[in-house]
Amino acid sequence: MNLARLILRAAGWSVEVTEPDVPRCVICVAPHTSNWDFILCKLAYAAIGRRAGFLMKEQWFFWPLGPIFRAIGGIPVPRRRGGDGLTDAVVERFRSASRLHIAITPEGTRSLTTRWHTGFLRIARRAGVPVQLAVLDYGRRYIGITRSFTPTDDPEADLRAIKKYYRGVEARYPGKFTVD
């Protein structure tokens with residue numbers, strides 16, 4: 001048993017992953033209401049022997065955290081909006097890599113929001129990779145990846161379908177998570 005699995009077990013968390021270890025995928029992670037979500041998900045993925053990169057606000061990439069985050073797969077996301085620069089860059093990473101998993105939180109914030117971002121769906125569709133749905137349920141102390149989703153050309157309809165999957169999941173801060 002590896003160290004990550006031991007840490008999670010000691011903290012009372014269970015991990016269930018039934019989706020195959022595909023060479024390339026986007027991992028949709030929800031809910032995201034706490035910085036603990038990142039730590040738990042990194043531990044869970046390590047517990048099953050997989051590695052995933054992640055998108056994170058570029059403000060976190062200062063010294064000494066920047067080199068650490070990059071070393072564990074961090075991809076800085078600029079705060080400025082406009083254009084498809086980030087989407088293009090991530091799609092290009094997928095096209096040039098034989099193996100790449102990138103975790104993305106569609107909420108894009110730890111605060112309450114009803115507007116989930118569709119960038120993860122556009123990235124997956126353009127890169128031709130599946131989206132694996134990762135759930136982090138504090139109520140059950142459960143982390144799971146038990147469903148994949150293939151994006152269509154209608155990201156809004158896709159997002160509605162994905163939000164249904166997360167109904168009933170309890171966030172660390174339940175008042176900051178909604179699928180409505």
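Arginine 141 is partly exposed, with 35% relative accessible area, where buried means under 20%, exposed over 50% and partly exposed in between, computed with a 1.4 Å probe and protein chains only. This residue sits in the loop between β6 (131–137) and β7 (142–149), and its phi is near 50°, a positive value in a residue other than glycine. Helices (H or I, at least four residues) and strands (E, at least two) are DSSP runs, numbered from the N terminus.

The model is a predicted one, in which local features need pLDDT of at least 70 and side-chain atom pairs count only at pLDDT 80 or more, while totals for chains, interfaces and linings use all residues. Residues are numbered from 1 along each chain as its sequence is written, and side-chain values use heavy atoms, with hydrogens and water left out.

Seven strands form an open sheet of mixed pairing, in the order β1-β7-β6-β2-β5-β3-β4, where two strands pair if DSSP finds at least two bridges between them. At the edges stand β1 (14–17) and β4 (74–77), each of which pairs on one side only. Strands of a sheet pair through backbone hydrogen bonds, either parallel or antiparallel.

Within this sheet, β2 runs parallel to β5 (residues 100–104), to which five bridges join it, and β2 also pairs with β6 in the parallel sense over five bridges. Isoleucine 27 stands opposite alanine 103 in β5 and has glutamine 132 as its bridge partner in β6, while arginine 24 stands opposite leucine 100 in β5. Because six of the seven residues of β2 are buried, this strand is largely enclosed by the rest of the structure.

Two loops contain a cis peptide bond. One joins alanine 30 and proline 31, with omega about -5°, and proline 31 lies in the loop between β2 (24–30) and α2 (36–47). The other joins tryptophan 63 and proline 64, with omega about 5°, and proline 64 is found in the loop between β3 (53–57) and α3 (65–71).

At the start of α1, a side-chain oxygen of asparagine 2 reaches to within 3.4 Å of the backbone nitrogen of alanine 4, and α1 is followed by glycine 12, whose phi is positive, near 85°.

Side chains of opposite charge can pair when their charged atoms come close. Five salt bridges are counted, each being a side-chain nitrogen of Lys or Arg within 4 Å of a carboxyl oxygen of Asp or Glu. In one of them the side chains of aspartate 21 and arginine 99 meet at 2.4 Å, N to O; the pair links distant parts of the chain, 78 residues apart, with aspartate 21 in the loop between β1 and β2 and arginine 99 in the loop between α4 (85–96) and β5. Aspartate 21 is partly exposed at 39% relative accessibility, and arginine 99 is partly exposed at 45%.

A salt bridge also forms between the side chains of aspartate 88 and arginine 126 (2.6 Å, N to O), which links helix α4 to helix α5 (residues 119–127) across 38 residues. Arginine 167 and aspartate 180 meet in a salt bridge at 3.2 Å, N to O; both lie in the segment after α6 (155–165), so the pair ties together parts that are 13 residues apart in sequence. Arginine 167 is partly exposed at 49% relative accessible area, whereas aspartate 180 is exposed at 60%.

How values were computed. A polar contact is a pair of N or O atoms within 3.5 Å; within protein, one must be able to donate a hydrogen and the other to accept it, and residues adjacent in sequence count only if both atoms are side-chain atoms.
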